[in-house]
Amino acid sequence: MNSKIAFITGVTGQDGAYLSKFLLEKGYEVHGLLRRSASADVVGSRLKWLGIADKIVLHDGNLTDLSGLIRVLQEVRPAEVYNLAAQSFVKSSWQQPLLTGNVTGMGAANVLEAVRIACPETRFYQASSSEMFGLIQEPIQSEKTPFYPRSPYAAAKLYAHWMTVNYRESFGLHASSGILFNHESPLRGIEFVTRKITDGVARIKLGLQEKLALGNLDAKRDWGHARDYVEAMWLMVQQDTASDYVVATGKTVSVRDFCKFAFEHAGLDMEDHVSVDERFLRPAEVEVLHGNPTKAKEKLGWEAKTSLKELVIEMVEADLERVRRDQHL
Ligand code: NDP
Ligand code: GDR
């Protein structure tokens, strides 16, 4: 086992891309699991955006295929495994509850099993989520706050979370779980509210659309930058003892306010453009998430570096550039 080899599932996603870049800069050899797609041209577009696509060794595979996971781990023999792959869109999890359970829940159990069988000395990171807190039991959520999942996605993540704790306690795996609050970036999927807003702002500013339809504007989230959050993942894996950590900024803001900042940055007024469409409401909502990252600060020395305003500006500017470029093509 080489101490500088990392294996990432979900390497083509937002966090996988930022984590790959972070690890490459630290001198790691980075391997990733690639879900086969018929559209080869869009594969790894985030890795290309960060200029690292040719620096990562990709292995075909799927989180639902245990034997494939065992084989790839036997071949790569990584020192660190980061399980970031998931059906990660909460709204879709009501349309695809079983797939979400299979990938987001059982998929994590598959990776844990593969590590236990193929490379039990390997350190493991699980991408847990603040969605597990769901119907809020305490106004500010820490590692000690009880969970109450409100979607098939959150229920699947909770299973994966407890499997991580259980494999640590049962088999002595160095398995940590990062309970990450929402984190965004220009690489965020377009279906998530922040990117939907910044993409909408860019299109409205450049005259390509008039209106932006959203769902619940009163929901509040503790939003940070993905670039900051991948460092917390790595720090967890470097600790002598594995554990679970909340990763958050400690500030919470409504969707309405995020939206207001984004429109204002482009010199627009959201009241002229935003409407509420019930198609974007959810069968059960998580109204407020507000994290307490004290443990991460004290034990990992980690703190969010990017402010919400900086995040919004980076995302709006990136979307303005992207939409302008697409217009010229
Ligand atoms: P993304 O949705 O951007 O990325 C998900 C990744 O999972 C993609 O690489 C996707 O591959 C891959 N994937 C999906 N299904 C499978 C499968 N069956 N087999 C193999 N790979 C698969 O998510 P993020 O990067 O935003 O999030 C990373 C992880 O962190 C996820 O587990 C998410 O649930 C969790 N999380 C995210 C938070 C956030 O705010 N971003 C907060 C808390 C937790 P493909 O490119 O082929 O679609
Ligand atoms: P979330 O992110 O569900 O918190 O999950 P999302 O951006 O989808 O929703 C955040 C909040 O915004 C409200 N909202 C809308 N959401 C979307 N997608 N589209 C809309 O038009 C819209 N209007 C209002 C939602 O109702 C919600 O309250 C993300 C994912 O990355 C998960 O994988 C991760 O685990 C959690 O963050 C932490």
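Which hand does the crossing of helix 5 and helix 6 have? It is right-handed, a term used when the near helix is turned clockwise from the far one by less than a right angle, with anticlockwise counting as left-handed. The model is predicted: local features need pLDDT of at least 70, side-chain atom pairs count only at pLDDT 80 or more, and totals for chains, interfaces and linings use all residues. Residues are numbered from 1 along each chain as its sequence is written, while chains are lettered from A and ligands numbered from 1 in the order in which they are written.

View 1. Helices (H or I, at least four residues) and strands (E, at least two) are DSSP runs, numbered from the N terminus. Axes are lines fitted to C-alpha atoms, for helices over the stretch in contact; angles run from 0 to 180 degrees between N-to-C directions. Angles under 35 degrees count as roughly parallel, over 145 as roughly antiparallel, 65 to 115 as roughly perpendicular and the rest as oblique. Contact residues of helix 5 include Gly 101, Gly 105 and Ala 108; those of helix 6 include Ala 156, Ala 160 and Met 163. Contact requires C-beta atoms, placed from the backbone, within 7 Å. The contact has 12 nonpolar, five polar and two charged residues. Ala, Val, Leu, Ile, Met, Phe, Trp, Tyr, Cys and Pro count as nonpolar, Asp, Glu, Lys and Arg as charged, and the others, Gly among them, as polar.

**View 2. Helix 3 against helix 5.** Helix 3 (residues 66-76) packs on helix 5 at about 45°, with the axes 9 Å apart. That makes helix 3 oblique to helix 5. The crossing of helix 3 and helix 5 is right-handed. Helix 3 contributes Leu 66, Leu 69, Ile 70, Leu 73 and Gln 74; the helix 5 side includes Val 111, Ala 114 and Ala 118. By class, this contact of helix 3 with helix 5 has nine nonpolar, two polar and one charged residues.

**View 3. Helix 7 against helix 11.** The axes of helix 7 (residues 193-205) and helix 11 (residues 308-328) come within 8 Å and cross at roughly 50°. Helix 7 and helix 11 are therefore oblique. Their crossing is right-handed. The contact of helix 7 with helix 11 divides into six nonpolar, two polar and five charged residues.

**View 4. The shell around ligand 1.** Ligand 1 is surrounded by 25 residues, the closest being Gly 10, Gly 13, Ala 86, Ser 88 and Ala 127. A shell residue has its C-beta atom, placed from the backbone, within 6 Å of the molecule. Helix 1 (14-25) and strand 5 (123-129) each supply at least two. Helix 1 gives the largest share, three residues. The shell has eight nonpolar, 15 polar and two charged residues.

View 5. Domain 1 covers 5-183 + 225-247; domain 2 covers 189-221 + 251-289 + 305-328. These bounds come from an automatic or database domain assignment. The domain centres, taken over C-alpha atoms, are 26 Å apart. Their contact takes 16 residues from domain 1 and 12 residues from domain 2. Ligand 2 has 22 residues around it; Val 90, Ser 129, Val 193, Gly 215 and Ala 219 are the closest. Both domains give residues to this shell, so ligand 2 lies between them. By class, the shell around ligand 2 has nine nonpolar, six polar and seven charged residues.

Technical notes: Two residues are in contact if their C-beta atoms, placed from the backbone, lie within 7 Å.
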